[in-house]
Amino acid sequence: MTPERYAKILRVLSRRQPTLTVLMDEVNKPHNLSAIVRTCDAVGVLQAHAVPPRGGRLADFEGHTFEATSGSAHKWVPVQRHENAVQAVRELQAQGFSVLATHLSQRSVDYREPDYTRPTCVLLGAEKWGVSDEAAEAADLNIVVPMFGMVQSLNVSVAAATILFEAQRQRLAAGLYDSPQLDQAALRAWAFEWAYPDLAPAYRERGEAYPALDEHGQIVGG
Ligand code: SAM
């Protein structure tokens with residue numbers, strides 16, 4: 001771990017937005033999954049969520065089928081697996097997130113209308129059938145990117161990027177990238193995991209706290 005690398009880790013973590021996330025509901029093409037996670041990294045999403053596609057494997061969400069072109073973004077944005085979308089929506093709502101389903105319905109609003117400075121989860125649907133009616137109903141709001149062309153929908157990763165960069169725009173204006181949104185203990189834990197990905201699992205398995213790091217990212221007493 002070089003001091004420069006550790007400084008970059010701290011800089012990135014100090015801009016992470018634990019109150020902004022996505023829930024991918026059966027997004028099944030690896031290049032779309034990778035592109036969405038890459039955008040999540042760029043806007044500062046701390047953790048993403050996904051319901052695997054029908055017949056999908058857990059491994060799909062543990063990095064094995066992410067495309068190399070993602071620039072390894074999945075290393076910096078863990079994807080938490082859920083069994084079904086409605087359940088996941090309810091869990092995220094119970095954690096205080098307002099869930100915005102990307103879904104055309106009578107109650108859909110333009111994606112620029114919601115206040116993304118509040119805890120927000122953007123629910124994205126499968127390439128073939130989109131967000132299910134049940135999940136869209138369980139969501140707090142339905143949003144759309146207005147379409148004026150011949151084609152009815154965007155690629156899911158393009159829709160995700162459009163919406164997440166609106167969230168970034170609002171959060172930048174509100175100063176949410178100016179100071180860490182993670183508390184100090186969480187920031188230190190994430191920093192250890194990013195700096196020492198090979199050591200961190202052993203500490204977790206033993207139920208031990210991560211060791212302290214000095215200002216250069218070296219393990220204190222290590
Ligand atoms: N036939 C599907 C349907 O009726 O929903 C199309 C799914 S679309 C290709 C895949 C996903 O991209 C959608 O579920 C949504 O998450 C996102 N998406 C595509 N176009 C969108 C738009 N105009 N506004 C918001 N989200 C969009």
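Author: In this predicted model, one aromatic cluster is formed by Phe 192, Tyr 196, Tyr 203 and Tyr 210. The structure has six aromatic pairs. Among them is the pair of Phe 192 and Tyr 203, which is edge-to-face, with 5.6 Å from centre to centre and 85 degrees between the planes. This pair links distant parts of the chain: Phe 192 belongs to helix α6 (residues 184–195) and Tyr 203 to helix α7 (residues 200–206), 11 residues apart. Phe 192 counts as buried because its relative accessibility is 0%. Tyr 203, at 17%, also falls under the 20% limit and therefore counts as buried.

As to the charged pairs, side chains of opposite charge can pair when their charged atoms come close. The whole structure contains six salt bridges. One of them joins Arg 16 and Asp 41, whose closest N and O atoms are 2.5 Å apart. Arg 16 lies in the loop between α1 (3–13) and β1 (20–25), and Asp 41 in helix α2 (residues 30–43), so the bridge ties together parts that are 25 residues apart in sequence. Arg 16 is buried at 1% relative accessibility, whereas Asp 41 is partly exposed at 25%.

Another salt bridge joins Glu 166 and Arg 169 (2.9 Å, N to O). These residues are three apart in helix α5 (residues 156–173), which means that about one helical turn separates them. Here Glu 166 is buried, with a relative accessible area of 7%, while Arg 169 is partly exposed, at 49%.

Note on methods:
Residues are numbered from 1 along each chain as its sequence is written. This is a predicted model: local features need pLDDT of at least 70, side-chain atom pairs count only at pLDDT 80 or more; totals for chains, interfaces and linings use all residues. Side-chain values use heavy atoms; hydrogens and water are left out. Rings of Phe, Tyr and Trp (its six-membered ring) pair if their centres lie within 6.5 Å; planes under 30 degrees apart count as stacked, over 60 as edge-to-face and the rest as tilted. Helices (H or I, at least four residues) and strands (E, at least two) are DSSP runs, numbered from the N terminus. Buried means under 20% relative accessible area, exposed over 50%, partly exposed in between (1.4 Å probe, protein chains only). A salt bridge is a side-chain nitrogen of Lys or Arg within 4 Å of a carboxyl oxygen of Asp or Glu.
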